[in-house]
Amino acid sequence: MTAPSGFTPDTAAPPAGQGGAAPRAATAPAPDPAEQRRRDRRSRRYRWDLRWSPYAFVAPFFVFFAAFGLFPLLYTGWASLHQVELTNPTHMEWAGWHNYSRLWEDEFFWKALRNTFTIGVISTVPQLMMALGIAHLLNYRLRASMFFRVAILTPYATSVAAATLVFALLFGHDYGMVNWSLGLVGLDGIDWQNGTWTSQIAVSTIVIWRWTGYNALIYLAAMQAVPNDLYESAALDGASRWKQFLHVTVPSLRPTILFTVVVSTIGATQLFGEPLLFNTAGTATGGADHQYQTLGLYMYEQGWVNLHLGRASAIAWTMFLILLLIAAANALFARRLRKSQ
């Protein structure tokens, strides 16, 4: 194809003898300085967004934790080393370890610690065993299974005050329904509030009633993850439901059971509302002989009834150290459990 006459392309070589170089390629125009600054700002904001946005999203939690978790923890630790009264919390006198050494010699502290341990055992063990059995039953196909799952969670949604007041009436000495039921079978009525073991059993019954359904739903969620092949194989081998529960369900739920044991133990260590409201006299002594006074109740008595804020802070830090020991024991047991598997 030939070029039309009179057309001289721009890229044609210069005539011979005239010298010169090949024509320069067309270059892009220089960017506008204002536009370049906008691009730089957008790029800088993008880099900052990638780097700092995750911290901004989680910052509210840490702010509230610092205000309502870390600061009270540090303040009570500092107050536990001082002689300070609730009526004048800004006036502190250095006491060193006196508040802690006094707890070592305080018979009411050791009594509260024993009560916390016994109430924790007789409430946690039956509670978790019942929750495991209920979850195993709900794991099978049942009519209206959703109704039963919601119904067992109802006690957890009930307030502590309402539940404890109802149980205090049920365990009443003269007109309580429990003593009335014992009378039907020829047994004498029991003074539930004034006996050591009877009062602790009554308080434990409230804890069991409130938390069994909650733990049952946790177990049920874990059971949903157990492969059905294991149950079908066990059924083909002739295993009954009870043997399936012992040899399939329980071994598969070991981590979940360990989790619920730790959480329930921590809750038992912090038990406060049930023993406080179970006392119809409205005091924080946990009965006339402190027979069901827990550590949480004793701390409340020292801080808000006797107004010894430094002593109450020492009790709070002692409870915190006990919880750390429980967490360390949990970590050690979990590590050994993983190694055994």
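Predicted model: local features only at pLDDT ≥ 70, side-chain atom pairs only at ≥ 80, totals over all residues.
# A helix face, a pocket and a cavity

**Helix α5**

- Helix α5 covers residues 160-170, and its buried members are A163, T164, F167 and A168.
- Looking down the axis of α5, you would find these buried residues within an arc of 135°, so they line one face of the helix.

**A look at N115**

- You can find N115 in helix α3.
- Is N115 buried or exposed? Its relative accessible area is 6%, and the cut-off for buried is under 20%, so N115 counts as buried.
- Leaving aside residues up to four places away in sequence, N115 touches Q200, H290, Q291, Y292 and Q293.

**The largest pocket**

- The largest pocket holds about 400 Å³ of space.
- Its lining is made up of 14 residues, and those nearest the centre of the pocket are N139, Y140, R141, N228 and Y231.
- Three helices, α3 (107-138), α8 (228-236) and α9 (241-252), each supply at least two residues of this lining.
- Which helix gives the most to the lining of the largest pocket? That is α8, with three residues.
- Sorted by class, the pocket lining has five nonpolar, five polar and four charged residues.

**The largest cavity**

- How many cavities of 30 Å³ or more does the structure hold? There is one.
- The space in the largest cavity comes to about 30 Å³.
- Around the largest cavity you will find Q83, V84, E85, N99, H308, G310 and R311 as the lining residues.
- Two elements give two or more residues to this lining: β1 (82-85) and α13 (309-340).
- Strand β1 provides the largest share of the cavity lining, with three residues.
- By class, the cavity lining divides into one nonpolar, four polar and two charged residues.

Technical notes
Residues numbered from 1 in each chain as written. Heavy atoms only, no water. Buried < 20%, exposed > 50% of the residue type's maximum accessible area, 1.4 Å probe, protein only. Helix = DSSP H or I, 4+ residues; strand = E, 2+ residues; numbered from the N terminus. Arc of directions from axis to C-beta. 1 Å grid on protein atoms, 1.4 Å probe; cavity = no way out; pocket = protein on both sides within 12 Å on 5 of 7 lines; lining within 4 Å. Points joined across faces, edges and corners; volume = space filled by probe spheres on them. Nonpolar A, V, L, I, M, F, W, Y, C, P; charged D, E, K, R; others polar. Contact = heavy atoms within 4.5 Å.
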